[in-house]
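Open the model in a viewer and keep the selection panel at hand. The stops below go from strands to helices, then to charged pairs and the surface.

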Amino acid sequence: MIRLAIVSPCYNEEEILATSTARLTQMLDTLAAGQKISPDSFILYVNDGSRDRTWEIIARLHGENRYVKGLNLTRNTGHQNALMAGMMTAKDMADAVVTIDADLQDDITTIPKMIEAHTKGYDIVYGVKVHRAADPLLKRLSATAFYRLQKRMGVESIYNHADFRLMSRRALDLLAGYKERNLYLRGLIPMLGLPYTTVDDVINERKAGTSKYTLGKMLTLALDGITSFSVKPIYGIIWLGMTFIIISLAIGIDVAQALITGTAVPGWSSLILSIWFVGGTVLISIGLVGAYIGKIYNEVKGRPLYNVKDVLGLDEETADVQ
């Protein structure tokens, strides 16, 4: 039997926590009764600077439920950093860690399959979405486009996998060696090179509350995923510049011919449109290079990913600042 930790980041999840805890508790009871996991397995909720009663509810659940433990961060650090905080806190207390969002839209019935795959020697088991019927149309389309773009950019990732996965202690120990500040776990974990497999993950309707992953946050995550693992966009700028040079030479030949034949007509509109087009492209290019420089800036500063304010049911030494 393995000691299992379920790590779940929480940001303003007061409406869903009680329901999610009841479902996870029932699953852990069943697994423990079937001797699939040890009875001292646990749920670790990571409060990522919530502005509602999330931490208060976690504290109450901790007092009522033997499985529930809590980690309270001093401020909102973002989903990826909150996940990292939970995994690094739980890694020395468990044989394997499953990460899942607090809304439990991921299919928790696949967790026993993850445990079975782990006992067969797999260090990482990814939950891969078989369909996204429960997601809004815009989210489904943007997610599909994003995974395809990642592949074209050379980013190594698991198609249709978010952050629902099982990781062994060995995998977590290796992950702890990656000290980068700009976290994109979906691209970072495949780089560990450990044996892995996948299980089907059917997305369910959210039971309560609303998703905290806004379009802006998804776009930021997508940009982080590409710029943290690929330099192809920079090479794309070089090719774009060469294309503009070729186009400008062709236009120059056309203008010279018009001057020779006397058919040249002053074109204010075409000139202004060209200036705006080229100017916009230059600004986008500078912004893209600036994004890479900004990442270097953040990495060089070496600030901690998160700071821990309070812990519930955890040994103090496991909650050090990372």
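Two strands count as paired if DSSP finds at least two bridges between them. Helices (H or I, at least four residues) and strands (E, at least two) are DSSP runs, numbered from the N terminus. This is a predicted model, in which local features need pLDDT of at least 70 and side-chain atom pairs count only at pLDDT 80 or more, while totals for chains, interfaces and linings use all residues. Residues are numbered from 1 along each chain as its sequence is written, and side-chain values use heavy atoms, with hydrogens and water left out.

Select residues 68-73, which make up strand 3. Six of its six residues are buried, where buried means under 20% relative accessible area, exposed over 50%, and partly exposed in between (1.4 Å probe, protein chains only). In a regular strand, side chains alternate between the two faces of the sheet. Here both faces are covered, with Val-68, Gly-70 and Asn-72 on one side and Lys-69, Leu-71 and Leu-73 on the other.

Asn-72 has Asp-310 as its bridge partner in strand 8. Include helix 2 (residues 54-64) to see the right-handed β-α-β unit of strand 2, helix 2 and strand 3; right-handed means that, with the strands pointing away from the viewer, the path from the first strand over the helix to the second runs clockwise.

**Strand 6**

Select residues 161-168. Eight of the eight residues of strand 6 are buried, so the strand is largely enclosed by the rest of the structure. Strand 4 (residues 96-99) pairs with strand 6 in the antiparallel sense over four bridges, and Val-98 stands opposite Leu-166. Strand 5 (residues 124-131) is also antiparallel to strand 6, again with four bridges; look for Tyr-126 and its partner Arg-165.

**Helix 3**

Select residues 79-90. Helix 3 has 12 residues and reaches 17 Å from its first C-alpha to its last, close to the 16 Å expected (1.5 Å times one less than the number of residues). Because 12 of its 12 residues are buried, helix 3 is largely enclosed by the rest of the structure.

**Charged pairs**

A salt bridge is a side-chain nitrogen of Lys or Arg within 4 Å of a carboxyl oxygen of Asp or Glu. The count by this rule comes to 12. Show Arg-3 and Asp-40, whose side chains meet at 3.5 Å, N to O. Arg-3 lies in the segment before strand 1 and Asp-40 in the loop between helix 1 and strand 2, so the pair ties together parts 37 residues apart in sequence.

Move to Asp-173 and Lys-91, with closest N and O atoms 3.3 Å apart. Asp-173 is in helix 6 (residues 169-175) and Lys-91 in the loop between helix 3 and strand 4, 82 residues apart. Asp-173 is partly exposed at 39%, whereas Lys-91 is buried at 13%.

**Two loop residues**

Which phi does Asn-12 have? The value is near 55°, positive in a residue other than glycine. Asn-12 lies in the loop between strand 1 (4-10) and helix 1 (17-33).
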